[in-house]
Amino acid sequence: MRETWLTTQGLVYPMFVCPGSKVRTEVSSMPGVYQQSVDQLVEECREVESLGVPAVILFGLPKNKDARGSEAVSASGVVQRAIEGIRKAKLKLLVITDVCLCEYTDHGHCGVLQDGVVLNDPTLEILAEEALSHARAGADIVAPSDMMDGRVGAIRSKLDAHGFADVAILSYAAKYCSGFYGPFREAAQSAPQVGDRRSYQMDPANAREALREVALDIEEGADMVMVKPALPYLDIVRLVRDHVQIPVAAYNVSGEYAMVKAAARNGWLDEQRVVLEILTAIKRAGADIVLTYHAKDAARWLKAC
Ligand code: PBG
């Protein structure tokens with residue numbers, strides 16, 4: 001009688017790569033998640049692959065941050081080197097890269113700033129360059145998470161013009177301005193230094209607007225669309241699933257992970273039970289792809305049952 005089956009297929013494991021070698025620092029608000037150098041990250045990727053999780057998404061912590069996020073587009077940037085490391089290790093993992101500037105800018109915003117205001121259009125060219133440099137390094141899928149208007153189109157034309165027509169775009173289409181990104185901002189050291197992201201991320205009170213955002217991204221060439229966060233927005237996942245024909249992803253974000261971990265550590269929740277319940281619920285709501293920090297644990301538990 002069961003309608004929804006949870007499998008490792010469709011799970012994506014998010015990872016944070018930093019400069020150096022032999023670095024592996026646990027993120028305090030995300031037990032089990034590390035900021036790690038390329039060598040360490042490749043080792044963990046071996047484990048991810050052996051558990052049957054098909055894909056990872058990479059976030060970079062650059063050596064230097066500046067106003068324009070220059071390291072984001074550098075061929076020797078951390079994400080670019082991590083992709084090359086994964087490829088060199090001959091892993092079959094699908095490599096997705098997060099395309100955004102907030103990890104790379106000294107002000108922590110997802111675009112370039114002028115007088116404290118994020119400039120949409122001047123940011124597009126930098127994002128397109130960033131996506132191109134990830135494609136050159138060997139990324140299979142690029143995932144713009146900045147929420148600038150027009151970035152999917154800008155990235156698509158840039159990739160096509162340079163012979164990367166086969167690199168797909170997973171767009172963070174309905175990304176809400178959420179308090180649940182808190183632990184991520186510790187992990188990626190990307191909290192905005194002034195202001196917040198309300199001018200470019202979505203109002204949690206809006207549902208119809210998600211359909212407009214999704215429609216624009218599909219028109220511009222998105223191959224898959226994402227709703228983020230997942231749990232407080234399962235209605236949006238369902239709404240989007242019912243309106244589009246392409247794959248829908250949901251991001252079970254850092255704050256959602258941290259809540260489960262904290263409660264489990266206190267003995268207040270049965271971690272395995274609630275994680276499998278959460279992931280099943282996200283799939284039941286209509287997600288084909290689930291980005292989750294629980295991916296490795298879920299794969300182990302699914303194997304055992
Ligand atoms: C970058 C980005 C964020 C997340 C993914 N990409 C943070 C933000 O918008 O502040 C959050 C992921 C998570 O919380 O796990 N723009």
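What follows is a short exchange about a helix pair and a ligand site in a predicted model.

Visitor: Why are H9 and H10 called roughly perpendicular?

Guide: Helix H9 (residues 271–284) and helix H10 (residues 295–304) pack at an angle of about 100°. Angles of 65 to 115 degrees count as roughly perpendicular, so H9 is roughly perpendicular to H10. Their axes are 10 Å apart.

Visitor: Which residues make the contact of H9 with H10?

Guide: From H9 come Glu271, Gln272, Val275, Leu276 and Leu279, and these meet Asp297, Ala298, Trp301 and Leu302 of H10. By class, that contact has six nonpolar, one polar and two charged residues.

Visitor: What makes the pairing of glutamate 271 with lysine 261 a polar contact?

Guide: The two side chains come to 2.8 Å. The cut-off for a pair of N or O atoms is 3.5 Å, and therefore the pair counts as a polar contact. Glutamate 271 lies in helix H9; beyond its sequence neighbours up to four places away, glutamate 271 touches Val260, Lys261, Ala264, Asp297 and Trp301.

Visitor: Which side chains have polar atoms within 3.5 Å of the ligand?

Guide: Among them, serine 254 has a polar side-chain atom 2.7 Å from a ligand oxygen. For lysine 175, a side-chain N or O atom is 2.7 Å from an oxygen atom of the ligand. Serine 145 places a polar side-chain atom 3.3 Å from a ligand nitrogen.

Visitor: How much of the ligand does the protein bury?

Guide: The ligand exposes 400 Å² when taken alone, and the protein buries 100% of that. Around the ligand are 20 residues, with Lys175, Arg185, Lys228, Ser254 and Tyr293 the closest.

How values were computed. Residues are numbered from 1 along each chain as its sequence is written. This is a predicted model: local features need pLDDT of at least 70, side-chain atom pairs count only at pLDDT 80 or more; totals for chains, interfaces and linings use all residues. Side-chain values use heavy atoms; hydrogens and water are left out. Axes are lines fitted to C-alpha atoms, for helices over the stretch in contact, and angles run from 0 to 180 degrees between N-to-C directions. Helices (H or I, at least four residues) and strands (E, at least two) are DSSP runs, numbered from the N terminus. Angles under 35 degrees count as roughly parallel, over 145 as roughly antiparallel, 65 to 115 as roughly perpendicular and the rest as oblique. Contact means heavy atoms within 4.5 Å. Ala, Val, Leu, Ile, Met, Phe, Trp, Tyr, Cys and Pro count as nonpolar, Asp, Glu, Lys and Arg as charged, and the others, Gly among them, as polar. A residue is near a molecule or strand if one of its heavy atoms lies within 4 Å of it. A polar contact is a pair of N or O atoms within 3.5 Å; within protein, one must be able to donate a hydrogen and the other to accept it, and residues adjacent in sequence count only if both atoms are side-chain atoms. Accessible areas come from the Shrake-Rupley method with a 1.4 Å probe; for residues, only the protein chains shown count as cover.
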